[in-house]
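Reader: I have just opened my first protein model, and I would like to learn how to read it. Could we go through it together, one feature at a time?

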Amino acid sequence: MPSFDIVSELDMHEVTNAVDQSNRELQMRYDFKGIDARFELNEGSVTLIAEVDFQLQQMLDVLRTKMTGRKIDVRCLEIKDPETANMRARQEVILKQGLDQPFAKKIVKMVKDAKLKVQSQVQGEQVRVTGKKRDDLQSVIAFLREAELELPLQFNNFRD
């Protein structure tokens with residue numbers, strides 16, 4: 001029986017490259033000369049460090065531009081509020097990966113409401129969709145690509 005998986009994953013190698021490019025651009029920009037501003041990549045998040053809140057906004061624009069250039073969807077970024085203390089400003093950007101339970105259930109409900117001839121079920125951090133015909137599965141992929149969702153989705157493990 002044909003099936004595929006719906007997942008939300010990030011290519012961490014591309015994220016590392018985007019953060020490195022962002023750091024290099026900060027070193028080259030005139031408005032950041034002589035300022036201790038940098039991006040730090042942690043496990044599942046990026047920390048922006050600068051002197052004032054305004055610089056954090058500029059750094060966010062640089063990060064978004066570099067991630068878009070490396071084909072990383074910026075919908076996977078969850079931007080926290082900036083923290084300012086002692087002439088130092090920090091901002092956390094969480095990198096969202098995987099489908100949490102409520103979002104996976106929302107996808108299953110959307111597929112069921114579309115009245116497509118497929119079955120979908122939540123399996124951990126992914127949703128497995130099975131159907132009798134390959135065309136039905138492709139219509140589910142097209143339907144989900146057109147839907148405006150808050151997370152980027154990938155479709156993998158397509159089996160005939």
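Author: Gladly! Let's begin at a turn: in the hairpin of β7 and β8, which has 2 residues between the strands, glycine 124 takes a positive phi near 70°. The names come from DSSP runs, numbered from the N terminus: helices are H or I runs of at least four residues, and strands are E runs of at least two.

Reader: Before we go on, what kind of model is this?

Author: It is a predicted model, in which local features need pLDDT of at least 70 and side-chain atom pairs count only at pLDDT 80 or more, while totals for chains, interfaces and linings use all residues. Residues are numbered from 1 along each chain as its sequence is written, and side-chain values use heavy atoms, with hydrogens and water left out.

Reader: What average pLDDT does the protein chain have?

Author: pLDDT is the predictor's confidence in each residue, from 0 to 100. Where it is low, the predicted coordinates should not be read in detail. Here the protein chain averages 90, and 100% of the residues score at least 70.

Reader: In what order do the strands of the open sheet lie?

Author: The order is β7-β8-β1-β9, 4 strands with antiparallel pairing. β7 (118-123) and β9 are the edge strands, each pairing on one side only. From one strand to the next, the twist averages 20°. Between β1 and β8 there are 4 bridges, again in the antiparallel sense; serine 3, for instance, is partnered by threonine 130 in β8.

Reader: Which strands does helix α3 lie across?

Author: Helix α3 (residues 101-113) lies across β1 (3-7), β7 and β8, running at about 175° to β7. Helix α4 (residues 134-146) also packs on the sheet, touching β1, β7, β8 and β9, and makes about 175° with the direction of β9. For such angles, axes are lines fitted to C-alpha atoms, for helices over the stretch in contact, and angles run from 0 to 180 degrees between N-to-C directions.

Reader: How many residues does helix α2 have?

Author: The expected span of a helix is 1.5 Å times one less than its number of residues. Helix α2 (residues 53-69) has 17 residues and reaches 25 Å from first C-alpha to last, close to the expected 24 Å. Its buried residues include Leu56, Leu60 and Leu63. Contact means heavy atoms within 4.5 Å, and the buried residues of α2 pack against α1, β2 (38-42), β3, β4 (77-79) and β6 (89-95).

Reader: Which residues of α1 are buried?

Author: An α-helix has 3.6 residues a turn, so residues three or four places apart point the same way. In α1, the buried residues are Glu14, Val15, Ala18, Val19, Ser22, Asn23 and Leu26. The buried residues of α1 pack against β2, β3, α2 and β6. The side chains of glutamate 14 and arginine 70 are joined by a polar contact of 2.6 Å. A polar contact is a pair of N or O atoms within 3.5 Å; within protein, one must be able to donate a hydrogen and the other to accept it, and residues adjacent in sequence count only if both atoms are side-chain atoms.

Reader: Is asparagine 86 buried or exposed?

Author: Asparagine 86 counts as exposed because its relative accessible area is 76%. This residue is found in the loop between β5 (83-84) and β6. Most residues other than glycine have a negative phi. Asparagine 86, though not a glycine, has a positive phi of about 55°.

Terms used
Pairing = 2+ DSSP bridges. Buried < 20%, exposed > 50% of the residue type's maximum accessible area, 1.4 Å probe, protein only.
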